[in-house]
Amino acid sequence: MDQLLYTIPECCRLAAIGRTKFYELIAKGEIPIRKIGKKSVVAAADLRRWAARLPVMEATKIGRGESER
């Protein structure tokens, strides 16, 4: 069986983002959290849905700095 729930540190590792950014996403309502007692967890399905909604960038725009535009 696949893991159903992830802790905040696990989510940050899986999403390759920092803790501050992850909490910003939670505050904006982009990623819902669930509580088990005092512990905050994120459903794997919710994390996948968030990742699927991220915009896809054109290959020519990836890695270009502001000075190159």
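**Close-up views of a predicted model**

The protein has 3 helices and 3 strands (DSSP runs, H or I of at least four residues for helices, E of at least two for strands, numbered from the N terminus). This is a predicted model, in which local features need pLDDT of at least 70, side-chain atom pairs count only at pLDDT 80 or more, and totals for chains, interfaces and linings use all residues. Residues are numbered from 1 along each chain as its sequence is written, and side-chain values use heavy atoms, without hydrogens and water.

View 1. From the N terminus, the elements run β-α-α-β-β-α. Of the 69 residues, 23% count as buried (under 20% relative accessible area; exposed is over 50%, partly exposed in between; 1.4 Å probe, protein chains only).

View 2. H3 spans residues 44-53, with Ala-44, Asp-46, Leu-47 and Trp-50 buried. These residues lie on the same side of H3, because they cover an arc of only 165° around the axis (taken from the directions from the helix axis to the C-beta atoms). Arg-48, Ala-52 and Arg-53 are exposed on the face turned away from the buried side. The buried residues of H3 pack against S1 (5-7), H1 (8-15), H2 (19-27), S2 (34-36) and S3 (39-43).

**View 3. Helix H1 against helix H2.** H1 and H2 pack at an angle of about 105°, their axes 10 Å apart. That makes H1 roughly perpendicular to H2 (65 to 115 degrees). H1 contributes Ile-8, Cys-11 and Cys-12 to the contact; H2 contributes Arg-19, Phe-22, Tyr-23 and Ile-26 (contact: heavy atoms within 4.5 Å).

Notes. Axes fitted to C-alpha atoms, helices over the stretch in contact; angles between N-to-C directions. Parallel < 35°, antiparallel > 145°, perpendicular 65-115°, else oblique.
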